[in-house]
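Thanks for coming. I will take a few minutes to walk through one structure, and you can follow along on the screen.

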Amino acid sequence: MLSLDKIYHAAYVLKGVARRTDLIPASNIIPEVPDLFLKTENLQVTGSFKLRGAYFKINQLPKEELALGVIACSAGNHAQGVALAATRLGVRSVVCMPDGAPIMKVENTRRLGAEVRLVPGVYDDAHDEAVRLQEETGATFVHPYDDEDVIAGQGTIGLEVMDQLEHAEAVVVPVGGGGLISGVACAVKSLNPACKVYGVQAEGAAAMAAAFHAGAWSASDEATTFADGIQVKVPGETTFQMVQTYVDDIVTVSDDEIAAAILALMEKQKLVSEGAGATPVAACMFGKLPVEGRRTVCIVSGGNIDVNILSRVINRGLAMSGRKVTMGIKLTDKPGQLTEVSGIIAGLGANVVSVDYDLSDPDLPISSCTLRVGMETRDQEQIDQIRTKLQESGFRLVD
């Protein structure tokens with residue numbers, strides 16, 4: 001199994017290649033966790049931690065293997081890491097990516113020097129195509145997570161966290177195939193066995209969480225989440241063994257909770273995170289882990305989120321955190337009702353942003369309608385106050 005010495009060697013190799021990213025305090029995100037810190041791998045070269053493992057892996061290859069080039073599969077972040085590493089080392093690279101990968105990640109991978117092949121399906125379909133190409137060409141396959149050199153490169157984050165924060169009590173890590181958490185947990189537990197290491201997966205892509213709790217490696221039939229960086233059906237076998245050895249627990253968060261965490265990072269820390277990178281913060285925000293009062297580090301693993309997805313994520317995050325709501329109200333179509341409704345909403349401090357009359361419901365009398373009011377609100381408590389006041393005033397609310 002991976003040794004701490006190898007992780008230190010990876011750190012030496014990565015000097016001048018990967019940034020030693022900042023560990024910043026974020027006490028204003030979660031009141032229950034005042035000693036919260038963020039490891040900002042979203043500000044890493046290529047916008048993700050993946051460069052660390054990819055560069056160390058390719059750097060360790062013998063010259064005769066480098067001459068044949070490298071092949072990788074990725075939803076985007078590993079792709080960019082492999083592309084940059086291979087280009088810096090003068091090696092040809094081919095990267096297979098799922099055709100649903102964010103356009104930004106695809107174009108950045110090409111810009112960094114790799115030949116990109118888009119494969120229909122998800123990450124695991126891209127993996128199968130990469131394996132086929134590797135057998136056909138003889139190039140070296142650079143696995144995104146189930147490889148000891150790759151894991152060692154990712155583990156350098158754990159070394160940095162332990163050096164940057166004394167007496168850390170918990171480190172929370174995103175989990176897809178398990179490469180990041182394996183390396184980080186190995187480093188953290190080797191240097192401070194008392195420090196807890198927790199993993200976080202998306203509910204719709206929780207293969208490693210299921211395997212961890214069952215105590216036996218297994219894969220999932222599907223992986224559904226907008227957090228494409230951790231959208232993995234098949235966890236690594238090496239990484240599973242390391243997770244079983246070093247990790248204290250793995251929990252899951254919903255896509256809505258991830259969206260709320262992305263919004264919180266933007267508003268309160270001025271940091272842009274992709275879905276995978278926000279999962280540790282989501283787990284802490286929504287009480288999935290016992291980190292209250294503990295000195296806790298959340299690894300924000302990447303910031304490569306497609307701007308088209310970001311706008312939808314912000315809207316979802318606003319709704320999840322009680323900042324945006326649409327209410328349906330049954331009205332008898334008579335003068336003054338809209339004025340009364342808007343007066344109640346304004347009186348409680350909310351801001352109306354949209355109004356729509358729906359006259360098409362066949363279950364309503366011809367003289368009635370459904371009024372749908374979109375509002376900007378402060379929090380869920382304010383939404384509940386508005387609902388209560390409307391009902392007390394005789395209005396009937398509908399979903």
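Some ground rules come before that. This is a predicted model, in which local features need pLDDT of at least 70 and side-chain atom pairs count only at pLDDT 80 or more, while totals for chains, interfaces and linings use all residues. Residues are numbered from 1 along each chain as its sequence is written, and side-chain values use heavy atoms, with hydrogens and water left out.

Let me start with the domains. The assignment gives domain 1 as 4-49 + 147-317, domain 2 as 70-138 and domain 3 as 323-398. Such bounds come from an automatic or database domain assignment.

Now domains 1 and 2. Their C-alpha centres lie 22 Å apart. On the domain 1 side, 14 residues are in contact with 13 residues of domain 2, where contact means heavy atoms within 4.5 Å. The two domains bury about 1200 Å² between them, and 55% of that is on carbon and sulfur atoms. Buried area here is the accessible area, taken with a 1.4 Å probe, that two parts lose on being put together, summed over both. Which three residues supply more than any others of the area that domain 1 buries against domain 2? They are Thr46, Asp228 and Asn304, with 37% of that area.

The rule finds two salt bridges across this interface. A salt bridge is a side-chain nitrogen of Lys or Arg within 4 Å of a carboxyl oxygen of Asp or Glu. Lysine 105 forms a salt bridge with aspartate 228, with the closest N and O atoms 2.8 Å apart. There are also six residue pairs in polar contact between domain 1 and domain 2, both residues at pLDDT 80 or more. By class, the side of domain 1 that touches domain 2 has five nonpolar, five polar and four charged residues. For that count, Ala, Val, Leu, Ile, Met, Phe, Trp, Tyr, Cys and Pro are nonpolar, Asp, Glu, Lys and Arg are charged, and the others, Gly among them, are polar. A polar contact is a pair of N or O atoms within 3.5 Å; within protein, one must be able to donate a hydrogen and the other to accept it, and residues adjacent in sequence count only if both atoms are side-chain atoms.

Lysine 105 has another partner: glutamate 274 forms a salt bridge with lysine 105, at 3.2 Å between the closest N and O atoms. Glutamate 274 sits in the loop between helix H11 (255-269) and helix H12 (275-285), and lysine 105 in helix H5 (residues 103-111), 169 residues apart. Helices (H or I, at least four residues) and strands (E, at least two) are DSSP runs, numbered from the N terminus. Are these two residues buried or exposed? Both glutamate 274 and lysine 105 are buried. Buried means under 20% relative accessible area, exposed over 50%, and partly exposed in between, with a 1.4 Å probe and protein chains only.

The structure holds 20 salt bridges. One of them joins arginine 20 and aspartate 163 at 2.4 Å, N to O. Arginine 20 is partly exposed at 47%, whereas aspartate 163 is exposed at 54%. Arginine 323 and glutamate 267 also meet in a salt bridge, at 2.7 Å. Arginine 323 is in the loop between helix H13 (307-320) and strand S11 (324-332) and glutamate 267 is in helix H11, so this pair ties together parts that are 56 residues apart in sequence.

Now the single residues. Glutamine 164 lies in helix H7 and is partly exposed at 27%. Its side chain reaches the backbone oxygen of threonine 21 at 3.0 Å, and makes a polar contact with the side chain of lysine 39, also 3.0 Å.

Threonine 377 is in the loop between strand S13 (368-376) and helix H15 (380-392). Threonine 377 is buried, with a relative accessible area of 6%, and its side chain reaches the backbone oxygen of glycine 322 at 2.7 Å.

Serine 393 is partly exposed at 31%. Not counting residues up to four places away in sequence, serine 393 touches Glu340 and Ile344. A polar atom of its side chain lies 2.9 Å from the backbone oxygen of lysine 389.
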